[in-house]
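Notebook open, viewer running. I want to jot down what I look up as I go, one topic at a time.

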Amino acid sequence: MNYRAVWAIYKVEMARTLRTIMQSVISPVISTSLYFVVFGAAIGSRITEVNGVSYGAFIVPGLIMLTLLTQSISNASFGIYFPKFVGTIFEILSAPISYLEVVIAYVGAAATKSIGIGLIILATASMFVELDIQHPFWMLAFLVLTAVTFSLFGFIIGIWAGSFEQLQLVPLLVVTPLTFLGGSFYSIDMLPPEWRTISLFNPVVYLVSGFRWAFFNGEPDVPVEISLAITLGFLALCIGIVGWIFKTGYRLRT
Amino acid sequence: MQSVISVSGVSKTYATGFSALKNINLDIKRGEIFALLGPNGAGKTTLISIICGIVNRSSGTVTVDGHDISSDYRAARSLIGLVPQELTVESFETVSSVLAFSRGLFGKPANPAFIEKILRDLSLWEKRDAKIITLSGGMKRRVMIGKALSHEPKILFLDEPTAGVDVELRKDMWALVRTLRESGVTIILTTHYIEEAEEMADRVGVINKGEIILVEEKAELMRKLGRKLLKLELRNPLTALPAGFETYNLDLSPDGSSLTYTYDNQAERPGVASLIRDLEQAGIQFRDLDTENSSLEEIFVSLVRRQA
């Protein structure tokens with residue numbers, strides 16, 4: 001194992017985060033706070049409790065998930081796409097480093113960053129509403145699992161993308177709608193039955209539901225075991241795709 | 001001398017069906033400077049990229065210091081430093097940080113003193129904290145070299161190292177390459193500046209259309225294929241070649257004022273002395289004469305033409 005190489009890549013990726021702290025940390029925090037003010041405080045004060053939780057608190061796990069997903073994908077996809085774009089990838093490819101190590105470094109850095117942002121948003125939210133986290137271990141477990149899974153997903157997009165437009169395409173056309181329709185701002189129990197059924201095909205529903213259960217206990221939209229299984233399933237799928245990419249050299253080694 | 005890189009039967013066909021390399025066999029000797037010459041698109045960069053692990057080969061085997069580049073890629077790649085043709089740098093990082101990064105990537109422990117030495121050797125020490133985006137093209141090129149040297153490679157690939165580099169910097173680079181060779185580093189450079197190969201290389205390989213058409217000691221190559229020219233400035237212009245000189249390979253300039261005699265070094269042709277004697281007897285007088293060796297460039301062009 002070439003630990004020094006993993007550390008070198010990880011450090012550079014984290015340095016990039018710190019260098020662009022306005023864009024990479026402060027902007028997601030500000031936009032999430034705005035969601036929080038608008039939906040939680042302004043509109044939320046007129047909405048009754050959801051499953052026994054005030055609406056302001058209810059949306060916190062959803063907001064964190066929303067940011068976690070978009071940040072993990074954009075960090076990881078950009079992290080691997082950029083060296084491909086400017087050509088510095090040659091050095092990674094010519095280095096005595098295995099594919100596994102490349103993934104650990106890039107995905108690890110992207111996940112670290114989005115977990116950090118998730119925790120910052122949690123801290124910000126706790127200034128607005130009272131949060132009493134019921135299952136801290138599972139809360140962290142879902143946070144880390146989701147960050148890693150979607151960083152892997154972002155890594156795949158970054159390798160697949162042939163242009164900046166394609167890099168934005170999947171997050172914009174697939175991930176954003178799925179997260180907004182994934183119960184971040186509502187319980188899918190509030191939906192008409194047919195929409196409820198359709199929602200069950202949205203993987204984000206399971207993530208948000210499981211994460212919310214870790215916060216408030218109570219009755220989740222879907223059983224927490226299923227949430228966990230779906231998350232792990234998607235993680236396994238992403239690992240499988242990354243493994244295939246590296247085995248074939250897809251878009252990396254011609 | 002034992003070979004440090006051994007390429008045998010390597011072919012590369014891209015997904016488009018383009019055959020970039022055809023059954024390449026090549027041995028690089030330990031400690032030599034090897035120049036790989038070839039026109040654009042000949043396969044130089046593809047060959048280097050395969051040895052360095054950037055491009056997958058379609059068939060064949062490559063070993064680096066006895067390590068197979070696929071099954072034992074860590075050992076093989078650790079030995080190699082690569083300076084690619086294009087200036088691909090992390091614009092927003094500082095000079096010293098990218099060198100430290102490269103060293104780490106190749107699994108070597110941090111060594112600021114060694115990085116400092118490289119930066120000083122490359123006249124980059126003053127710029128160590130500068131962001132790369134602020135550097136000139138020549139400095140960026142040196143940063144690329146610094147990155148390749150940062151992990152103390154035993155083999156250095158320089159892909160078109162002096163493309164777009166001014167004369168002074170080119171001389172500096174040549175000096176650096178010689179110093180490296182003295183310290184035992186094997187150097188493989190690709191170039192289409194023949195002058196560079198002529199100046200630096202111990203051996204020259206010529207590649208064209210994906211095939212190695214020749215590998216030879218440089219001196220031997222120049223001797224074998226070198227041609228000499230003798231140019232005679234005539235006192236009185238001639239309208240036609242005089243009779244009796246058909247056996248010489250003579251060219252009369254269009255205005256009739258000079259004669260050019262081309263001869264191979266080892267050819268069994270009448271020598272220069274007999275030509276001059278014959279000219280004198282024919283009453284053809286000349287004001288001046290000049291001889292020149294053909295350069296590697298001419299050798300190269302004639303080789304590539306012959307193949308085409």
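**Two helices in chain A.** I started with H9 (residues 203-216) and H10 (residues 224-248) of chain A in this predicted model. Two packed helices get described by the angle between their axes and the distance between the axes, so I looked up both. For this pair the angle is about 130 degrees, and the axes are 8 Å apart. Angles over 145 would count as roughly antiparallel and 65 to 115 as roughly perpendicular, so H9(A) and H10(A) are oblique to each other. Their crossing is left-handed.

Which residues of H9(A) and H10(A) meet? From H9(A) I noted Pro203(A), Tyr206(A), Leu207(A), Ser209(A), Gly210(A) and Trp213(A). Facing them in H10(A) are Val224(A), Ile226(A), Ser227(A), Leu228(A), Ile230(A), Thr231(A) and Phe234(A). Sorted by class, the contact has nine nonpolar residues, four polar and no charged ones.

**The sheet in chain B.** Next I followed the strands of an open sheet in chain B. Six strands make it up, in the order E6-E7-E8-E3-E9-E10, with mixed pairing. E6 (80-83) and E10 (211-217) of chain B are the edge strands; each has a single partner strand, so one side of each has no neighbour in the sheet. On average, neighbouring strands are turned by 15 degrees against each other, direction ignored.

Then I checked one pair. E7 (residues 155-159) and E8 (residues 186-191) of chain B run parallel and are joined by five bridges. Leu156(B) has Ile187(B) in E8(B) as its bridge partner.

Two helices of chain B pack on this sheet. H5 (residues 137-149) touches E6 and E7 of chain B, and its direction makes about 170 degrees with that of E6(B). H6 (residues 167-182) touches E3 (33-37), E7 and E8 of chain B, at about 150 degrees to the direction of E8(B).

**A closer look at E3(B).** Is E3(B) mostly covered or mostly open? Mostly covered: five of its five residues are buried. In a regular strand the side chains alternate between the two faces of the sheet, so I checked each face. Ile33(B), Ala35(B) and Leu37(B) are buried on one side, and Phe34(B) and Leu36(B) are buried on the other.

E3(B) also has its pairings. Five bridges link E3(B) to E8(B), running parallel, and Phe34(B) is partnered with Ile188(B) there. With E9(B), the pairing is parallel too, over four bridges, and Leu37(B) stands opposite Val206(B).

Ser123(B) has one, near 55 degrees, and sits in the loop between H4 (112-121) and H5 of chain B. Ser123(B) has 13 C-beta neighbours inside 10 Å, so I put it down as partly exposed. Lys209(B) is another, with phi about 50 degrees, in the loop between E9 (203-208) and E10 of chain B. Lys209(B) counts as partly exposed because 17 other C-beta atoms lie within 10 Å.

**Where the chains touch.** Last entry.

Conventions: Residues are numbered from 1 along each chain as its sequence is written. Chains are lettered from A and ligands numbered from 1 in the order in which they are written. This is a predicted model: local features need pLDDT of at least 70, side-chain atom pairs count only at pLDDT 80 or more; totals for chains, interfaces and linings use all residues. Axes are lines fitted to C-alpha atoms, for helices over the stretch in contact, and angles run from 0 to 180 degrees between N-to-C directions. Angles under 35 degrees count as roughly parallel, over 145 as roughly antiparallel, 65 to 115 as roughly perpendicular and the rest as oblique. A crossing is left-handed if the near helix is turned anticlockwise from the far one by less than a right angle, and right-handed if clockwise. Two residues are in contact if their C-beta atoms, placed from the backbone, lie within 7 Å. Ala, Val, Leu, Ile, Met, Phe, Trp, Tyr, Cys and Pro count as nonpolar, Asp, Glu, Lys and Arg as charged, and the others, Gly among them, as polar. Two strands pair if DSSP finds at least two bridges between them. A residue is buried if 20 or more other C-beta atoms lie within 10 Å of its own, exposed if 12 or fewer, and partly exposed in between; C-beta atoms are placed from the backbone.
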